Amino acid sequence: MSTTEPQPAQPRLIRALGRRDLVLLFVVAVFNLNVVPSIAANGGVTIWLWIISLLLFFFPQGIAVIELAHRYPGEGGVYLWAKEVFGNFHGFLSGWCYWTNNMLYVPTIMLYFVGVSVFILGPTHAGLADSKSFALVMSLALLTFLTLLNILGLGIGKWINNLGAIGTFIAAAVLIGLGILIYSRFGTTITAADFKIPANPRFVLNSFGVICFGLIGLELASVMGDEIRDPARTLPGAVAWGGLISGTLYVAATLTLLIAVGKSVNVLQGVVQAVSVMAARVGVNWISVPFAVMLSLAIAGIGSAWIGGCARIPFVAGLDSYMPSWLGNIHPRFATPYAALIVQGMVSGVLVILNLAGAGVQETFQKLLSLAVVLNLVPFVYMFGALVKFAVKEPVPRGHYGRTTLFAAGTSGLLTTILGIALVFFPAQQITSLWSYEIWMVGGTLFFIGLAAFFFFVYGRLKTRRSEIGKEPTLVVPLSD
C-alpha cells in the first residue's frame with residue numbers, strides 16, 4: 001500500500017455563455033470595423049478579395065471550428081486542438097502565437113478607439129487622434145478598464161461584449177444605410193475600373209492578409225469551451241449565424257466606404273469620416289456624434305472579447321507547466337484567470353508605449369496590425385492541417401463531417417492561410433520605411449517564435465526536472481498477516 005500526496009483540484013470555471021451570447025460574441029469578435037478602412041483604402045479590388053477570403057478561408061474556418069470543438073471540447077481552443085492532433089510543442093506554439101498576437105492586436109484596438117472617440121467631442125477635435133501623448137493616455141486607460149472588467153468575470157465582461165455587438169450592429173446599420181441613401185440620391189464616383197487589379201498591386205497584397213485576419217474569430221468561443229452552456233448543441237448554430245452576419249457586414253461596409261470617401265480613407269477614423277461626409281450631404285450632421293458613441297462602444301466590446309478570450313491560453317499553458325504555474329491561478333472570488341489577464345494587459349501596454357515612441361499613430365497602428373496578422377494565422381495552419389490529417393488518415397471520420405468536406409475545407413483553408421501570411425510582409429501604404437518594416441516583421445516573428453521554443457524546450461523541462469528532484473519518495477508500507 002502506498003501513500004501519496006492528494007492532488008489539487010483542477011480549477012473550475014463558470015459556464016456563463018449561452019447561444020445568444022455566442023452569436024453576439026462572434027459578431028463583435030469577427031466583424032471589426034477597425035480593419036475595414038485600411039482595406040478600403042486600396043480600392044474596389046478589395047471587394048473581390050473579401051469574396052475570395054470568405055469562400056476559401058472563412059467558411060472552411062467555420063467547418064474547422066465545429067469539427068475540432070466536437071472532437072476536443074474543453075478550455076484552450078487552438079492550443080488544445082493542435083496539442084491533441086500534432087503533439088505538445090505544436091499545441092504550445094499554436095496557443096502561444098494566438099496569445100502573443102492578441103498582445104499586439106489589442107493595442108491596435110485601443111488606438112482605433114482613440115481615433116473614433118475624439119469625434120464625440122465634435123469633428124473639430126479629430127486632430128487629437130494624431131497626438132501621441134493623448135493616444136497613449138487614452139489607450140492605457142481603456143486597456144486597464146477592460147482588463148479589470150474581465151477579472152471581475154465573464155458574467156460581467158460578457159455584457160461589454162454584448163453591448164459592443166449591439167453598438168456594432170447600430171454603427172454598421174447607420175454606415176450602410178447612409179451609403180444606400182447617398183447612392184440612391186447622388187450616385188457614386190466609383191467606376192468599374194476601380195474594381196480592377198491596379199498596375200502596382202503591392203499595397204493590395206498586404207490587404208489580403210489583413211482580410212483573412214479580419215475574418216478570424218469563430219474559434220474564440222472554443223478557447224473558452226468550459227464556459228459555454230451545452231457546447232455540443234450551442235456552438236454549431238452560433239458559428240453559422242455569427243459567420244453569416246459578419247461576412248455580410250464586412251462586404252457591405254467596405255462598399256459603403258468606397259462610395260462615400262473613395263480611396264482617401266484615414267485608417268483610424270475612416271468609418272466616422274465616411275459617416276460625417278455622408279451625413280453632411282443629406283443634411284443630418286448631428287448624427288456624427290451619436291454614431292461615434294456607438295462605434296466607440298463597439299470597439300470597447302471588441303477589445304473586451306479578445307482580452308477575455310485570449311487570456312485563457314496562458315492560463316492553460318500555466319496548468320500544463322510550459323509557462324509559470326501562477327499563470328494558471330484563478331481568482332478566489334471571481335473564478336477568473338486573473339494572473340494571465342494582468343500579464344497580458346501589462347505586455348500590451350508596454351507595446352503601445354514602445355511603438356508610439358518611434359512612429360506616428362497611423363504607422364504604429366499598421367505595424368502592430370501586420371505582425372499580429374502573421375502570428376494569429378499560425379494557429380490556423382494547425383487547424384486546417386488537422387482537417388487534412390483526419391481526411392487522409394481516418395477511413396471513416398469519427399467527427400462531425402465526412403472525408404470530402406474535411407479534405408476540401410482543410411486544403412482550401414491551409415493554402416489560403418499560408419498565402420495570407422506571406423502577403424502581409426508586403427508593406428501597406430501607411431509605412432514610410434520599407435527596411436524598418438521588414439526588420440520589424442521578420443525580427444518580431446522570429447522573436448515571438450523563439451520565445452515559444454524557449455518556454456517549451458528550456459523552461460518547461462527545467463521546471464519538470466526541479467519538480468522531480470523535489471518530490472517526496474513514495475512510502476511503501478508492508479502488509480502484515
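Q: Which side chain meets that of R71 in a salt bridge, and at what N to O distance?

A: As a general idea, side chains of opposite charge can pair when their charged atoms come close. In this structure, which is a predicted model, the side chains of R71 and E67 meet in a salt bridge, with 2.6 Å from N to O.

Q: Where do R71 and E67 lie, and how many residues apart are they?

A: The general point is that an α-helix has 3.6 residues a turn, so residues three or four places apart point the same way. Here both R71 and E67 belong to helix α3, which covers residues 45-71, and they are 4 residues apart, or about one turn of the helix.

Q: Are R71 and E67 buried or exposed?

A: The reading rests on relative accessible area, where buried means under 20%. R71 has a relative accessible area of 9% and is therefore buried, and E67, at 0% relative accessibility, also counts as buried.

Q: With which residue of the loop between α15 and α16 does R71 pair, and how far apart are the closest N and O atoms?

A: R71 forms a salt bridge with E394, in which the closest N and O atoms are 2.9 Å apart. This pair links distant parts of the chain, since R71 sits in helix α3 whereas E394 sits in the loop between α15 and α16, 323 residues apart. E394 has a relative accessibility of 16% and so counts as buried.

Q: How many salt bridges does a search of the whole structure find, and which residues do shared partners join into one network?

A: The search of the whole structure finds 3 salt bridges. Besides its pairing with R71, E394 forms a salt bridge with R398, where the closest N and O atoms are 4.0 Å apart. R398, at 53% relative accessibility, counts as exposed. Through the partners that these salt bridges share, E67, R71, E394 and R398 are joined into one network.

Q: At what angle do helices α15 and α16 pack, and how far apart are their axes?

A: In general, two packed helices are described by the angle between their axes and the distance between the axes. Helix α15, spanning residues 361-393, and helix α16, spanning residues 403-423, pack at an angle of about 155°, with their axes 8 Å apart. Because angles over 145 degrees count as roughly antiparallel, α15 and α16 are described as roughly antiparallel to each other, and their crossing is left-handed.

Q: Which residues make the contact between α15 and α16, and what is its make-up by class?

A: On the α15 side the contact residues include V374, L377, F380, F384 and V388, while on the α16 side they include R403, L406, G410, G413 and I421. By class, the contact of α15 with α16 has 16 nonpolar, 6 polar and 1 charged residues.

Q: Which residues of helix α4 are buried, and what follows the helix?

A: In helix α4, residues 78-86, the buried residues are V78, Y79, L80, W81, A82 and V85. The helix is followed by G87, whose phi is positive, near 115°.

Q: What is S139 in contact with, once its neighbours within four places in sequence are left aside?

A: S139 is found in helix α6, residues 132-151, and at 1% relative accessibility it counts as buried. With those neighbours left aside, S139 is in contact with M110, L111, V114 and V352.

Q: How many helices and strands does the chain have, and what percentage of its residues count as buried?

A: The secondary structure comes to 17 helices and 2 strands, and of the 481 residues of the chain, 58% count as buried. Among contacts in the chain with a separation of 6 or more, 84% are accounted for by residues 24 or more positions apart.

Notes: Residues numbered from 1 in each chain as written. Predicted model: local features only at pLDDT ≥ 70, side-chain atom pairs only at ≥ 80, totals over all residues. Heavy atoms only, no water. Axes fitted to C-alpha atoms, helices over the stretch in contact; angles between N-to-C directions. Parallel < 35°, antiparallel > 145°, perpendicular 65-115°, else oblique. Left-handed = near helix turned anticlockwise from the far one by under 90°. Contact = heavy atoms within 4.5 Å. Nonpolar A, V, L, I, M, F, W, Y, C, P; charged D, E, K, R; others polar. Buried < 20%, exposed > 50% of the residue type's maximum accessible area, 1.4 Å probe, protein only.
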